[in-house]
Amino acid sequence: VTARLPWRVLRRAVVLAVLLAVTAVVVPQSTARHSDASLVAVHSAHAVDHPRNVVWILCLGSDARPGQHLTGTRADAIQLVGLNLKTGAGTMIGIPRDSYVDIRGHGRNKINASMMFGGPQLMADSVSRLVGVRPDYVFTTGFLGFRAMVRAIGGVTVYSKYAFSDPVRPQGYHKGKNKLNPFQALIFGRVRHPLPHGDFDRSANQEELLRSILRRVRAHQATPGFVERGVLAAVENMDTTLSPPQLYRLAQAVISIQPAKLKGCVVQGPTGYAGAASVVYPDVAQARRLGNDARRDGTLNHGC
Amino acid sequence: VHATARTRVTALLALPLLVIPTACTSDQSAPNHARQTVASTPVMRGSVPFRVEVTHVAGKLATKRRAVLAAHVRRTLTWYVDSAFLRTDYPAARFAGAARPFARTLASAVRRDRALLTNAPLARSTRSVRATHRTAYLSVLAPHGSPAGVTAAVDLVFAVDRGDRPAQRVELEGRLLLTPAHGGGWRIFGYDLDRSQRPVRSAS
């Protein structure tokens, strides 16, 4: 048993790393869920008008608690990721979880409630109505495999925009380069209070985590069997409607993206209250501008 | 002194294949196109055998099925190598068919990289081409005991005879990515290759 445990951990870890290198998750306090991740094709993907060499994946971090379905609870990390398979460039559009938007059939609410109301399809709908880009896939994960993933790839190196402190990292998070262990990486994607712009900076940190994971995964991609082991773990552990060959292609697509060409922007907006709830009123014009900029080539040509 | 020219080409993925359900074909069926091409493309003689081996399997794949898989992937790779290098119609070669083992949505990338993926740059001065080394080691994704994806780590070395001009050693090294094709067989949906070229006489 002791000999097999690390391998299981590795497989679970590689799943997330390979299949997206993509979702920085907001991690709940504890977990035990039905599956570690899910990946579904958006029903109307064929209607999306985009070049065939561009794929959009909505990456969600679920706050599912023990016993809850991963895709039946709120999505607290929301990143719309566009990948240009021809150029190796990509775009991450971070959406604050408290963004107050219209949810089809449910009135105005925080965007992360879409997942609870209608699962990945409704979440994709809400995001596409805000940004103007409809994802081809929705990838949802909890945090169960996150630390194992980071452990399996030997930690990650992130570039922090701000210095801040947290008990998990006695030396603190420095402005600039930080090599993080799994728990420290987790916290890097979770904290918001020490950051000047709270949710917005946290979303940007999640994007940096994605970039750092992608860097590490790409460093291993030429290792024989690495990608295959990761996709196998996905097949075995993830709820998905994709066939194994489709998963395999998608995994290869994701890791073909060059981290240096993976640019991120976070949708901004003023904060306020809707009733008693603290919300963000997203800058719809900015969100649409980002969507219009990156829709066709998965590349932000005009900055944030 | 001749410098080694080394160029890298990458292309990946037939996106439409992601959203169109792909038949999870058995490895019992060989690619129809491969059978035709191998049979119809005259090939230079004198090349070393194409060694294709399964070296890593994620999942379970019986020994016999590994051998069958290797044979079928070998057909696809042989199609590519024969069409792209080992032809007999030099100097008039137009490399028709070299793109056929690749996913259709990679067609434009393959056209773009034609000078790197085929012997096109030397075609007009080529008398003959022999493969002096050709290996492909396969890492296989095999959930449920059936192969669903393959990374072929390839190393292909060709000796290009150019008559009274210096013969060239052309090497392609890197990865070819394959998944089962509709209708059977295996198709290349991505590649990440380095190509180098140097005069044979300067080879170590």
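In the predicted model, the axes of helix α2 (residues 113-131) and helix α8 (residues 284-294) of chain A come within 7 Å of each other and cross at roughly 95°. Because angles of 65 to 115 degrees count as roughly perpendicular, α2(A) is placed roughly perpendicular to α8(A). On the α2(A) side, the contact is formed by A:Ser128, A:Arg129, A:Leu130 and A:Val131, which meet A:Val284, A:Ala287, A:Arg288 and A:Gly291 of α8(A).

Elsewhere in chain A, helix α7 (residues 244-254) is mostly covered, with 11 of its 11 residues buried. The buried residues of α7(A) begin with A:Pro244 and A:Pro245, continue through A:Gln246, A:Leu247, A:Tyr248, A:Arg249 and A:Leu250, and end with A:Ala251, A:Gln252, A:Ala253 and A:Val254.

Chain B contains 5 helices and 6 strands, and these elements follow one another along the sequence in the pattern β-α-α-β-α-α-α-β-β-β-β. Of the 204 residues in chain B, 54% count as buried, while the accessible surface of the chain comes to about 9000 Å², with 51% of that area belonging to carbon and sulfur atoms. Among the contacts in chain B that have a sequence separation of 6 or more, 73% are accounted for by residues 24 or more positions apart.

Definitions and conventions: Residues numbered from 1 in each chain as written. Chains lettered and ligands numbered in written order. Predicted model: local features only at pLDDT ≥ 70, side-chain atom pairs only at ≥ 80, totals over all residues. Heavy atoms only, no water. Axes fitted to C-alpha atoms, helices over the stretch in contact; angles between N-to-C directions. Helix = DSSP H or I, 4+ residues; strand = E, 2+ residues; numbered from the N terminus. Parallel < 35°, antiparallel > 145°, perpendicular 65-115°, else oblique. Contact = heavy atoms within 4.5 Å. Buried < 20%, exposed > 50% of the residue type's maximum accessible area, 1.4 Å probe, protein only. Areas by Shrake-Rupley, 256 points an atom, 1.4 Å probe, with all protein chains shown as cover.
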